[in-house]
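Hi everyone, thanks for coming. Please have a look at the sequence and the model on the screen, and then I'll walk you through them.

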Amino acid sequence: MTEVTLDVKDLGIGFRQDGALSQAVKGISFDVKRGETVALVGESGSGKSVTALSTVSLLGDSAEVTGSVTYNGQQMVGADDALLRKTRGNDISFIFQEPMTSLNPLHTLEKQLAESLLLHQGLTGAEARSKIIELLVKVGIHEPENRLQSYPHQLSGGQRQRVMIAMALANGPDLLIADEPTTALDVTIQAQILELLAELKASEGMSMLFITHDLGIVRKIADRVCVMKDGEIVEHGATAEIFRNPQHAYTQMLLNAES
Ligand code: ADP
Ligand code: MG
């Protein structure tokens, strides 16, 4: 039996500017099944990030969202704040492209991670500290005890992204949405972070929505692929199938550009 975690049906996202509505996403449908990694690929501006943000209503007031996004059967489009907050805190976690914008430059690692933990779990200080060390070990930070008092600027880009992943894992999410998580990193570090995400997906049993413009990454991490262009999904299928036999001219073009 396959269980659907995230089910997007006929999702439309428009932005109202000076009275006019520009349609960023034009009625797309896809799902993410339990334990599966689905990649959304497409060039910049195709609507990947707004699709991701719409899953937990993070688009802001100028957005007009139509259609349906259900998470474990619960409707997220137009959901009340309490449900959205609970889902963001406990069930769906995000990792973004640039960790510097998501980490507080004035907080030590211990403090950043403690906030992620304490917000949602009733832990004492000592319990939180050992959970933080456990999380840092899990994401491959060496000698984490010596890193607790470090500030974000004292870490490398790859280490900062590992810390972001630790924060995303803090509450044992069910679905991880990674929006270009390796784009800002050097190629060798990219490979390490991808390997870490693949390991975590297996060990934590998470489902994952992985957003990228890089098809090489998709090949390594995704079970299925949705190819986006101009706010539409122009092709979707099993990763191996898409790579072996791309149907849409745009997918063929992406594949040719990659090789
Ligand atoms: P991608 O992640 O695929 O690069 P985005 O999802 O960020 O693309 O953007 C899709 C389209 O929506 C773009 O044309 C972008 O300019 C527009 N857009 C995104 N966010 C907003 C916003 N807050 N207000 C107005 N337009 C937006
Ligand atoms: Mg984006």
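Let's start with a pair of strands: β1 (residues 4-17) and β2 (residues 20-33) pair in the antiparallel sense over 11 bridges. Before going on, some ground rules: this is a predicted model, where local features need pLDDT of at least 70 and side-chain atom pairs count only at pLDDT 80 or more, while totals for chains, interfaces and linings use all residues. Residues are numbered from 1 along each chain as its sequence is written, and chains are lettered from A and ligands numbered from 1 in the order in which they are written.

A word on terms: helices (H or I, at least four residues) and strands (E, at least two) are DSSP runs, numbered from the N terminus. Two strands pair if DSSP finds at least two bridges between them.

Back to our hairpin. Which residue of β2 is the bridge partner of Leu 11? It is Ile 28. Between β1 and β2 there are 2 residues, and in this hairpin Asp 18 takes a positive phi near 50°.

These strands belong to an open sheet of 4 strands, in the order β2-β1-β4-β5, with antiparallel pairing. At its edges are β2 and β5 (74-75), each pairing on one side only. Strand β4 (residues 63-71) runs antiparallel to β5, and 2 bridges join them; Thr 70 has Gln 75 in β5 as its bridge partner.

Now for the other sheet. Here 6 strands form an open sheet with mixed pairing, in the order β6-β7-β8-β3-β9-β10. Because β6 (92-95) and β10 (232-238) stand at the edges with a single partner strand each, one side of each is left without a neighbour in the sheet. On average, neighbouring strands of this sheet are turned by 15° against each other, direction ignored. Inside it, β7 (residues 175-179) and β8 (residues 207-212) run parallel and are joined by 5 bridges, and Ala 178 has Phe 210 in β8 as its bridge partner. As background, side chains in a regular strand alternate between the two faces of the sheet.

On to the helices. Helix α6 (residues 157-169) and helix α7 (residues 187-204) pack at about 20°, with axes 10 Å apart. Axes are lines fitted to C-alpha atoms, for helices over the stretch in contact, and angles run from 0 to 180 degrees between N-to-C directions.

Leu 109, Gln 112, Leu 113 and Ser 116 in α4 meet Val 163, Ala 166 and Met 167 in α6.

Key
Two residues are in contact if their C-beta atoms, placed from the backbone, lie within 7 Å.
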